[in-house]
Amino acid sequence: MAVRTDRTPLVVVGDALLDRDLTGTADRLAPDAPVPVVQECAERIRPGGAALAAYLAARDGREVTLIAGVGEDPAGLALRELLAPWLKLIPLPLTGTVPEKTRVLAQDRPVVRLDRGGGRVREATDEARDALGCARAVLVSDYGRGAADALRDVLATRPPLVWDPHPRGGPPVPGTRLVTPAEKEAHGFAPSEDRPGGGLRAAALNAAALVRDWRVAAVTVTLGSRGALLSYGEHPLLVPAPAAHHGDSCGAGDRFAATAAGLLADGALVGEAVEGAVGAATAFVAAGGAAAVPPAGSERALAALPDTDDPGALAARIRAEHGTVVAAGGCFDLLHAGHVGLLQAARRLGDCLVVCVNSDASVRRGKGGGRPVNPLADRVRVLRALACVDAVAVFDEDTPERLLGELRPDVWVKGGDYAGADLPEAGLLKEWGGQAVLLPYLDGRSSTALLARAAEGAR
């Protein structure tokens, strides 16, 4: 497992599931009932519930400990095998077997879901209490099967950073920094007298009511393709999704919670964590959701990233190990907080980040004779010094399309100031199954604005 030493270890407490997809094709109805006949099904299993959140955090390069109910039944043994290469598991005793959720899909669209195994956590263990008591950062992924309840007394003394709730689970412990219900869940959790109809106003009122009722620092209501609404009790912040995707959203909530918890653990503000989590969840859905997560048990963990100046070799290696290659582009003339935030968010979308930077001649053609202020060698050196940047590639053309064709990234990231404009790279990415996404810049940050303020100050 490739662990990034600059990332805070994370303890995930919750209910582990075993998810199974049976994917085939359907082109006719059964003769004895009006139901589709799904044939040539391929089976794939993966971690689910809290186990998926923990697995995704581990794939981010973070040291992860999962505290969850996992027994010795066949589903439990399969789950242990899937998780073993990636994280430390502290099992809690179960009454019953590990819950299994099986989806049958035709043409990648769900037809039916079959559930079995109603195991619930019986009690906490000393090992779990000790691990939780000394944890630096905690995510609770509560699927209502007893893990969070069994450790509630310890959680109450060390409130977690993030609590991802479930209608069948208990409320988060007071003092939790961020709670992440989905829109329907927030509507159900809110006190009945505070339940309005629907839409953003309803989400805002529900979130504010839950901040007060649960006595937590903040609640963010996830809104699917619309993004997320963050409330500290009043005046909510809407964080829009960088792009709208209507693919398989299975697992998007776990991706959101794992990303937010990781960012908060590393020192991000709540608003920054929610913004990063929205971007990560959007990219997750765009890539195919949980069904597209690389198999946990059939691949070896990504080794440490090579110390190389060859972006192409890095991208090829990550692809060969079934990882996700992310690329971002720009001039990066006067590096500012907006650039840094964008690159940090981009790196969290995959297993390596290659920055494609304009040459000096390319910058002059696009921005005029006075630019760039900093020559290429300086810009590249500063970018390489960022912990979130794994490699830098230079292009001399007006657009990075030739370079992208060589790197073939899975995700191409542009700053949010391109919103509403055509992205010429988007069509190119589709040629190899990649996805172009927009991530928001910090408002008011730009190299042009910095130069204008400097000139004004000089006068």
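In which sense do strand 2 and strand 3 pair, and over how many bridges? Strand 2 (residues 16-25) runs antiparallel to strand 3, and the pairing covers 9 bridges; strands here are DSSP runs (E, at least two residues; helices are H or I, at least four), numbered from the N terminus, and two of them pair if DSSP finds at least two bridges between them. The model is predicted, with local features needing pLDDT of at least 70 and side-chain atom pairs pLDDT 80 or more, while totals for chains, interfaces and linings use all residues. Residues are numbered from 1 along each chain as its sequence is written, and side-chain values use heavy atoms, leaving out hydrogens and water.

Both strands belong to an open sheet of 4 strands, ordered 3-2-7-8 with mixed pairing. Its edges are strand 3 (39-49) and strand 8 (109-116), each pairing on one side only. Within the sheet, D19 stands opposite R46 in strand 3.

Next come the charged side chains. Side chains of opposite charge can pair when their charged atoms come close. The whole structure holds 20 salt bridges, each a side-chain nitrogen of Lys or Arg within 4 Å of a carboxyl oxygen of Asp or Glu. One of them joins R59 and D351 (3.1 Å, N to O). This pair links distant parts of the chain, 292 residues apart: R59 lies in helix 1, and D351 in the loop between helix 11 (337-347) and strand 17 (352-358).

R402 counts as partly exposed because its relative accessible area is 39%.

How values were computed:
Buried < 20%, exposed > 50% of the residue type's maximum accessible area, 1.4 Å probe, protein only.
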